[in-house]
Amino acid sequence: MNLLFEEDGAFKTGTILTDNDASLQVETPHGKRLKLKSNHVLMRFAQPSAGELLDRAEAEAEGLDTEFLWEVCADDEFGFADFAREYYGHVPSAVESTAVLLRLHASPIYFHRKGRGRFRKAPAEILQAALSGLEKKRQQAAAIERMRDELLAGRLPEELKPLVRQLLYKPDRNRLEAKALEAACAENGQSPARLLLACGALPSSHELHFDRFLFEYFPDGTGFPPVDAPSEPTDLPLADVRAFSIDDAATTEIDDAFSVTQTAAGWRIGIHIAAPGLGFGRNSALDAIARQRLSTVYMPGNKITMLPDDIVGRFTLAEGRDCPALSLYLDVTRDLIVTGNESRLERVPVAANLRHHDIEPVFNETTLTDGGPDFPWKAELTLLWELATVLEAGRGKPAANQNMVDFNFGVDWNQSTDDGPGRIEIGRRSRGSPLDKLVAELMIAANSTWGKALASAGIPALYRAQTGGKVRMTTAPAPHEGLGVDCYAWSSSPLRRYVDLVNQWQLIGWLKGEDPAFPPKSPDLIAAMRDFELTYAAYAEFQRGMERYWCLRWLRQAGSPSMSARVLRESLVRLEDLPLVFKVPSMPTLPPGTRVQLAIDSTDLIDLEVRATYLETLASAGSLPDGIDEGDEPGDDALPETEPVAAPADSEAPPSAAA
């Protein structure tokens with residue numbers, strides 16, 4: 001005698017070896033013997049053999065119409081054998097009974113299982129809802145398959161067009177579009193970014209990285225909401241100076257300018273900082289904008305300003321205008337000794353906006369040594385440089401950045417390459433030039449002097465501190481070991497950094513004898529500090545990533561040539577002509593500073609990777625390039641008032657420690 005039973009949710013057959021009423025000893029068609037409880041048996045049969053029943057029953061079940069079975073079935077609970085007898089109109093064979101069982105079991109929407117071999121007809125309304133759901137799933141599966149096929153064919157489905165950024169940066173895996181993209185990626189082995197780029201979802205790889213940043217930090221876009229124009233102060237005294245600024249050619253957020261006025265004892269040196277804090281205050285609409293953005297975002301070929309362009313235009317220290325300013329005057333003797341200082345709120349006549357590319361050819365180490373040609377502002381610049389040298393020595397941190405190199409990025413958006421819009425040019429500019437030192441030291445003087453003033457007045461401010469090599473923000477004055485000053489409050493870039501704007505409001509309150517915008521122990525001040533630190537670090541990381549991207553674009557423009565590099569450590573190298581650090585697995589172990597020649601094998605604009613092969617060791621192995629230690633970029637506080645190692649040439653660099 002044979003039997004049909006259920007085990008682990010599957011139907012099986014076997015031949016009875018021993019029947020002990022409550023249990024049976026059974027041998028399966030594959031020769032396996034097992035002990036089976038009698039109540040697990042669904043049916044006993046003599047014909048066909050145990051090995052044939054399920055195959056024949058499955059063939060028989062194919063001819064059974066599920067909908068017809070549901071229609072002729074009674075509403076009460078039933079066993080499969082009884083229903084088979086009613087359906088066939090005679091005592092069913094083992095094959096017929098099993099065929100009915102298999103069809104009932106395979107149709108859970110139509111028949112609800114109530115026990116081993118027992119079922120109940122699904123109510124009509126429940127069946128209809130289930131069928132509707134089944135049809136919906138079928139249609140969804142068809143849509144997923146259609147979108148997947150379009151993606152694999154290199155076409156972007158219409159449904160995906162408005163969702164490209166979400167699919168790339170924060171996909172909702174419950175959406176059909178995300179499932180289709182996943183299916184297409186699984187089939188062709190590409191990442192979502194590569195597949196969507198191949199389908200034309202983004203104009204170029206540049207948009208992939210730029211949009212990822214915008215998606216996270218500017219989800220509503222980079223535009224500004226409409227705001228009322230700030231009120232410009234009309235009661236400020238006019239300073240009796242001729243001020244001039246020193247910036248890159250494309251700088252629009254001109255925060256600082258200088259003036260030199262001769263006195264009986266020597267000179268009165270003016271450090272003039274743009275004063276948007278006089279035009280709008282805390283809790284204003286413009287404060288809300290600046291508080292949300294916290295800093296201008298820099299990248300090669302572009303920038304996202306902290307304040308609207310028209311607001312920047314009102315307060316930038318543009319030549320030919322009398323500009324609201326927060327000024328610090330240093331009284332300097334003919335021996336270049338600072339004997340006193342004074343802070344004032346005033347209007348400053350800006351006589352000139354000097355640009356690096358115009359001044360550096362006639363004002364540099366060589367011209368300072370041999371006299372050089374005459375040019376406007378030469379006397380003032382020379383005096384300020386001599387004062388900066390004294391101030392630098394007084395800090396005990398002389399020539400901290402003279403070996404550094406800036407890599408200036410220029411993107412010509414009017415040209416295109418095979419990789420998309422934009423043609424990149426990368427130039428080198430040595431740090432520590434007389435102009436760099438001049439600006440840096442005067443900014444350090446202003447920021448440290450104003451930091452001390454706020455601390456002495458008991459007015460809270462946001463300080464930069466460095467102890468034990470770690471730079472941090474704090475609301476309490478503390479030494480900055482890297483700069484060699486007792487305290488240091490960023491105050492000189494209020495047009496492009498929220499911390500500086502906050503400190504400017506505090507200074508304005510101090511000078512006017514009014515309550516500070518942020519009182520002592522202000523939770524808003526602490527929150528602004530914490531948010532700024534996180535956001536400023538994220539912006540800097542984004543800039544470094546975009547600089548790396550454009551370095552790879554430069555290599556591709558040049559046809560991936562061989563390049564010289566310096567060993568930083570182990571297999572890590574840094575190209576000599578680009579601020580690009582990467583690993584070369586094929587390179588032998590060489591001392592740090594060793595010059596090597598590499599073949600650039602390939603570049604990846606999606607993962608921002610470069611693959612290179614070691615060719616040979618070059619002569620003149622020396623110290624690490626550009627003063628960089630083991631591939632790390634210098635901290636922003638270690639390089640006052642100069643641009644980062646890879647500063648964009650076509651926009652202002654993010655101001656560093658003294659900026």
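In this predicted model, five strands form an open sheet in the order β22-β21-β20-β23-β24, and their pairing is antiparallel. The edges are taken by β22 (581-583) and β24 (609-617); each has a single partner strand, so one side of each is left without a neighbour in the sheet. From one strand to the next, the twist averages 45°.

Within this sheet, β20 (residues 562-569) pairs with β21 (residues 572-575) in the antiparallel sense over four bridges. In this pairing V567 stands opposite V573 in β21. Helix α17 (residues 523-557) packs on the sheet and touches β20, β21, β22, β23 (595-604) and β24. The direction of α17 makes about 95° with that of β23.

Strands β23 and β24 run antiparallel and are joined by eight bridges. L598 has Y614 in β24 as its bridge partner. The two strands β23 and β24 form a hairpin with four residues between them, and L608 in the turn has a positive phi of about 55°.

**Nonpolar cores**

The largest nonpolar core has 43 residues, of which F244, F258, I271, L381 and L442 touch the most other members. At least two residues of this core are supplied by each of β9 (243-247), β11 (266-274), β14, β15, α14, α15 (434-456) and α16 (498-512). Helix α15 gives the largest share, nine residues. Leaving aside residues up to four places away in sequence, L442 touches F258, I271, L384, L387 and L391. A second, separate core has 41 residues, among them A239, L286, V350 and V485.

**Salt bridges**

Side chains of opposite charge can pair when their charged atoms come close.

| Salt bridge | N to O distance |
|---|---|
| E253 and K303 | 3.5 Å |
| E346 and R344 | 3.7 Å |
| E441 and R395 | 2.6 Å |

E346 is buried, with a relative accessible area of 0%, whereas R344 counts as partly exposed at 31% relative accessibility.

E441 lies in helix α15 and R395 in helix α14, so this pair ties together parts that are 46 residues apart in sequence. E441 is buried, with a relative accessible area of 3%, and R395 counts as buried at 13% relative accessibility.

Elsewhere, a network of salt bridges links E145, R148, D149 and E187.

**Backbone details**

Which residues are joined by a cis peptide bond? The bond lies between Q47 and P48, and its omega is about -10°. P48 belongs to the loop between β5 (41-45) and α1 (53-61).

L336 has a phi near 65°, a positive value in a residue other than glycine. This residue, L336, is found in the loop between β14 (321-333) and β15 (338-355). L336 is buried, with a relative accessible area of 13%.

W377 also has a positive phi, near 75°, and is a residue other than glycine. The loop that holds W377 lies between α13 (365-370) and α14 (378-395). With a relative accessible area of 12%, W377 is buried.

Conventions. Residues numbered from 1 in each chain as written. Predicted model: local features only at pLDDT ≥ 70, side-chain atom pairs only at ≥ 80, totals over all residues. Heavy atoms only, no water. Pairing = 2+ DSSP bridges. Axes fitted to C-alpha atoms, helices over the stretch in contact; angles between N-to-C directions. Contact = heavy atoms within 4.5 Å. Buried < 20%, exposed > 50% of the residue type's maximum accessible area, 1.4 Å probe, protein only. Core = buried A, V, L, I, M, F, W, Y, C linked by side-chain atoms within 4.5 Å. Salt bridge = Lys/Arg side-chain N within 4 Å of Asp/Glu carboxyl O.
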